[in-house]
Amino acid sequence: MKAVVLAGGFGTRIKPLTYTIPKPMLPLAGKPILEHVIDLLKNHGITEAIFLLYFQPEGITNYFRDGREFGIKINYVIPPEDYGTAGAVKFASENLKGDEPFLVISGDLLTDVDLTSFIEYHKKKKALVTIGLTSVKDPLQFGIVITDNEGSVIKFLEKPGWGEVFSDSINAGMYVMDPQALNFIPGRQAFDFSHDLFPRLLSEGKPIFGYSLRGYWRDIGDPPSYWEANMDILAGKLRVKGTGKRVDLVGRDIWLGKNVDFDMDAVLEGTVILGEGVKIIGKARISDSIIGDYSVVHTGANIIKSIIWNNTEINEDCWVEDSVICSNVRIGKEVKIEPGVVVSENCTIGNTAVLNQGVKIWPGKHVESGATVSSNLIWGERWKRSLFEESKVAGLSNFELTPEFAAKLGAAFASFLPRGSSVLMGRDSHRAPRMIKRAFVAGVLSAGVNVKDLKAVPIPILRYKLQTFGEVGGAYFRYSPENPEVTEILFYDSNGFETSVSFEKSFERIFQREDFRRVPEGAVGRISDLSGIIDFYKEGFMKSIKRETIKENRFRIVVDFSFGSSSEYFPSILNELGCEVISLNAFTVEHGSGIDANRALDLLSKIVKATDAKAGFWLDPWAEKLNFIDEIGKVYKDLDSFLLLFHLILKAEDTGVIAVPTFAPSYLEDIAKENGFKIKRTKNSVRALSEAVRDRDIKFVSYPDGRFIFSDFQIAYDGMFSIAKTLELMSKLGVKLSEISEGIPKINYLHTTVSCPWESKGVVMRKASQEVQGREVSFLDGVKIFLDGSWVLAFPDQYKSLIHVYAEAKSDEDARYLIDEYTKKIENWVRS
C-alpha cells in the first residue's frame, strides 16, 4: 500500500516557529515531525510514500532526498498552485494507479495509532473513503464527524460554534481511500477534503465511513500544541524512535547524542534529551527538556520543561520555563523567560531582560538589556485564541491595541476589499479610539482604499448609511462598555451587518501572513468628509415614523445621553416631533472611567418623577442600547426593557414576526399568537440575531439587553429610533408605560454561568446531548430541554471559559431547582 503525505501547508497558525522551515520539519525529540510520520508508516508495512509539497519544499526534499536513508521510497509532487488538500491528491493521481486503496495522512501529526486496523476496517466495509476519527477536548478548531451505529458518516460540521458541538469525534487528518474516489475531485482547482469532497460523497450517497482510531494523536497546529507534543514524548505518552543513546542512571531518563560534554556538577532531572555536540557548563539544572545540537548552557541556568533548538546559547543564571527557544539564539545573563514564550530564530536577548508569559519574539529581533517585554515584539499585542470576537477586535489601548497594530489591521482590512473602493469610518469622542482610528485609516489608505470619515457619530447613523450604495464596508472605533481602558474596533459589511465568520477568517489569514496589498503613490486612498449624513439619516427617520401622531401628545421626556455623540443630533429630531426634552449628560467627553448605568438610571428615575415627565430614556454612549423609566419612576432595563416594548408592540400593531434568541422566555410564543404575531428563534449571538432581519417578514428584533431593531427603518440596533417608535406606539394607544407594565405577566426565569475550561466544553456538550435522548429537545444553539411546562438551556460562551444556563418554570422554586440541577451536572461533567 502507498501513503500520500500532505506536507505543503503554510504553517500560519504556528508562527513564528515556521518562518524559515516548513511545519513538518519542526523538531520533535531531535527529529522532524515528518520523520516520526515515516517511522509510523514503516511500523505498519508501508514503504512507499508520495510527499505532496507546496510551501518551502526544499526544506523537505534536501533532508529526505529519495528516502532510502530512512527505509522508505519517496516520490515528490509539487502542484503549481495551492489546490487544497483533495485537489493536491488529485494532482498526484498519476502516482496512484491501480485498484489498491491508499492512505492519506497529514505530515504535521504526532501519533502512534494502529494504521493496520484502520486499513483493514476500510476493506471490510468496502468503503469509498474511510475517515480516521479521534476524540479531543476542544473540537472547535477541527471538523466534527457524526456517524451512525454502523460507522457510516451521516453529518459533517466544519469548524462549528460551541452551540453546534454535539460530539467530540473529529476528523483526524487520516483517510483510507479507494482510487475511484479521485473521480469525484476536479482537476487543477482548489478542492478540500472536509469542505468539498466529503460533503459531495455524502450528498450522493457514496459509502463513506468513520473509524475511531486508538492511540495517541495530536495535531501540531500552534506553538502551545508543539510544546505539548514534546512534553508528551518526554512523559512517555507515546513511543517514538529518538536520537542518541540512553544513559542508565537511577531515577532519570537521559538520552545523549554524540560528543556531548557536560559537567559532573550539572543537575539533570526527569527525562532529558541532549543533542549532538551539546555543552553543559558548570552547575546548570535541566529538567524534562530537550537541548538541540551544538547548543550551550552555562552554569546557574535553569531550563524547565522547555525545548531548545540547535546552536543556541543560554548564559549564566537564566531561568527558562515551559518555553520554546529556536535556533541561533543568544540569551544573556540572568534573563527570565516565563511559561509560554517563543523566541524565534536569530534573536538576541540582553542581560537581565524579562520575557513575560506568552510573549512571542519574531525572527532576528534584539531585546535590550534590562527590558521587560510584555507583548509580542512584532505584533504589539498579547497572544490570543482569535483576533476577532464576534465582528470586533479589542485590546488594551496603546499597549495591546497600538497604533502600529492598528495600521496593520487597516492594511489587512483594505487588502480584502477592491482597490479604489470606499469604506465608512466613525468613532466615539474618546481620545484613545480616535488615535487608533487614525492609525487604522493610514493602513487602509496604503492598500488603495478610500475612507469616508464621519468622525464622532452614533453607531446607528454609520450603519444606516452603509445600507445605501457607495461603500463596501465600515468600521467603528469606541471604548469598551466593559472597560474604558480597552478600545474596540467594530466591523460591518456593505449592508451594515456585522461581518461574517468567513470574512473574519480571511481577514485574519491576511493579517497573520502580512500579505498586505501595496499600491504606488498615485493609487493611495483618499480621505473625505461625508457631509449631509445627519440630514440623510433624519430624512429616513422621519419617513419611518408617524410624526403627527407623536406631535399631538407633546410629550415631556427626560433623556440621558451618557456623554455620547447622539446628544449632538437626536435632540433636534425630538424637537421636530414636538417633544419637550430634558437632556442629561448631553455633551461629549474625551476620556473617563466609563458609565455607571445603575447610578444613572436611579438619578434619571428621580428626575422623571420630579419633572412630571411622561417617560425617561437612557441611551448608551453609542445610541444602540436603550433602557426605560415610566412616568412613576419605575426602571426597566435589559430583559425588562425588552418585555415592556414587546408588549407595547403587541397591543399597538396588528401582526408581524418578532425575532428573539433561543434563551428568551418561552411564554413569548403564546402571547404573541394571541395577538396575531409570530416568534422566530435564532442562535444566541448578537450577530445571528441581527442577521434575522434579512427575512423581510420580521418587523422587530431584540437582543434582551435593551437593543432593538425596527426593520421598517433599518437593520441596525438603534436606540434613537426605538425612543421615537415607543412614543408613536404610546400615542396610538393613548397609554402610559406603567399601564403597559401592568399587563406583563410574572415569569419565573433565571440565568447563571458555570466555569468551564475551554478543553472541557466539547465534553460538556456531548454529555448534555447524550443525556436528553428520548426527550423533547432543541439543538438550535446549545441543548434546550423541555420538561412539562418548563425548560432549561445550556450553551457554551463563544469567547469565555463559561457555560450559560437558562431556565424558565411554573414557579420560582422550580426554576431554581432546574438551575441548581444543571449547574451541578455541568460541574460534574467538567470534572469527569
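Guide: We begin with residue classes, in which Ala, Val, Leu, Ile, Met, Phe, Trp, Tyr, Cys and Pro count as nonpolar, Asp, Glu, Lys and Arg as charged, and the others, Gly among them, as polar. Please keep in mind that this is a predicted model.

Visitor: What makes up the lining of the second largest pocket by class?
Guide: By those classes, the lining holds 14 nonpolar, 10 polar and 6 charged residues. The pocket has a volume of about 640 Å³, and of its 30 lining residues, Pro-27, Gly-30, Lys-31, Asp-293 and Asn-310 are the closest to its centre. Strand 3 (31-32), helix 2 (58-64), strand 18 (271-274), strand 21 (290-291) and strand 24 (307-308) are the elements that give two or more residues to the lining.

Visitor: Why are helix 9 and helix 11 called roughly perpendicular?
Guide: Helix 9 (residues 459-466) and helix 11 (residues 533-543) pack at an angle of about 80°, with their axes 10 Å apart. Angles of 65 to 115 degrees count as roughly perpendicular, and helix 9 and helix 11 are therefore given that name.

Visitor: Which residues meet there, in helix 9 and in helix 11?
Guide: From helix 9 come Pro-460, Ile-461, Tyr-464 and Lys-465, and they meet Ile-533, Ile-534, Phe-536, Tyr-537 and Gly-540 of helix 11. Divided by class, the residues of this contact are 7 nonpolar, 1 polar and 1 charged.

Visitor: Why are helix 20 and helix 21 described as oblique to each other?
Guide: The angle at which helix 20 (residues 761-771) packs with helix 21 (residues 812-831) is about 125°, and their axes are 9 Å apart. Roughly perpendicular covers 65 to 115 degrees and roughly antiparallel needs over 145, so helix 20 and helix 21 are oblique to each other. In passing helix 21, helix 20 makes a right-handed crossing. The contact is made by Val-763, Val-764, Lys-767, Ala-768 and Glu-771 of helix 20, together with Tyr-822, Lys-825, Ile-826, Trp-829 and Val-830 of helix 21. The residues of this contact divide into 7 nonpolar, no polar and 3 charged.

Visitor: What lines the largest cavity?
Guide: Its lining consists of Ala-768, Val-783, Ile-785, Val-792, Leu-793, Ala-794, Tyr-822, Ile-826 and Trp-829. Strand 53 (783-787), strand 54 (790-796) and helix 21 each supply at least two of the lining residues. By class, the lining has 9 nonpolar, no polar and no charged residues. About 50 Å³ of space lies in this largest cavity, and the structure holds 3 cavities of 30 Å³ or more.

Visitor: Which backbone values stand behind the remarks on Pro-16 and Asn-328?
Guide: The peptide bond from Lys-15 to Pro-16 is cis, with omega near 15°, and Pro-16 lies in the loop between strand 1 (2-6) and strand 2 (27-28). For Asn-328, phi is near 60°, a positive value in a residue other than glycine; Asn-328 is found in the loop between strand 27 (324-325) and strand 28 (330-331).

Technical notes
Residues are numbered from 1 along each chain as its sequence is written. This is a predicted model: local features need pLDDT of at least 70, side-chain atom pairs count only at pLDDT 80 or more; totals for chains, interfaces and linings use all residues. Side-chain values use heavy atoms; hydrogens and water are left out. Axes are lines fitted to C-alpha atoms, for helices over the stretch in contact, and angles run from 0 to 180 degrees between N-to-C directions. Helices (H or I, at least four residues) and strands (E, at least two) are DSSP runs, numbered from the N terminus. Angles under 35 degrees count as roughly parallel, over 145 as roughly antiparallel, 65 to 115 as roughly perpendicular and the rest as oblique. A crossing is left-handed if the near helix is turned anticlockwise from the far one by less than a right angle, and right-handed if clockwise. Contact means heavy atoms within 4.5 Å. On a 1 Å grid over the protein atoms alone, a cavity is a set of points where a 1.4 Å probe fits but cannot get out, and a pocket is an open set with protein on both sides within 12 Å along at least five of seven lines; lining residues have an atom within 4 Å of a point. Grid points are joined across faces, edges and corners, and a volume is the space filled by probe spheres set on the points.
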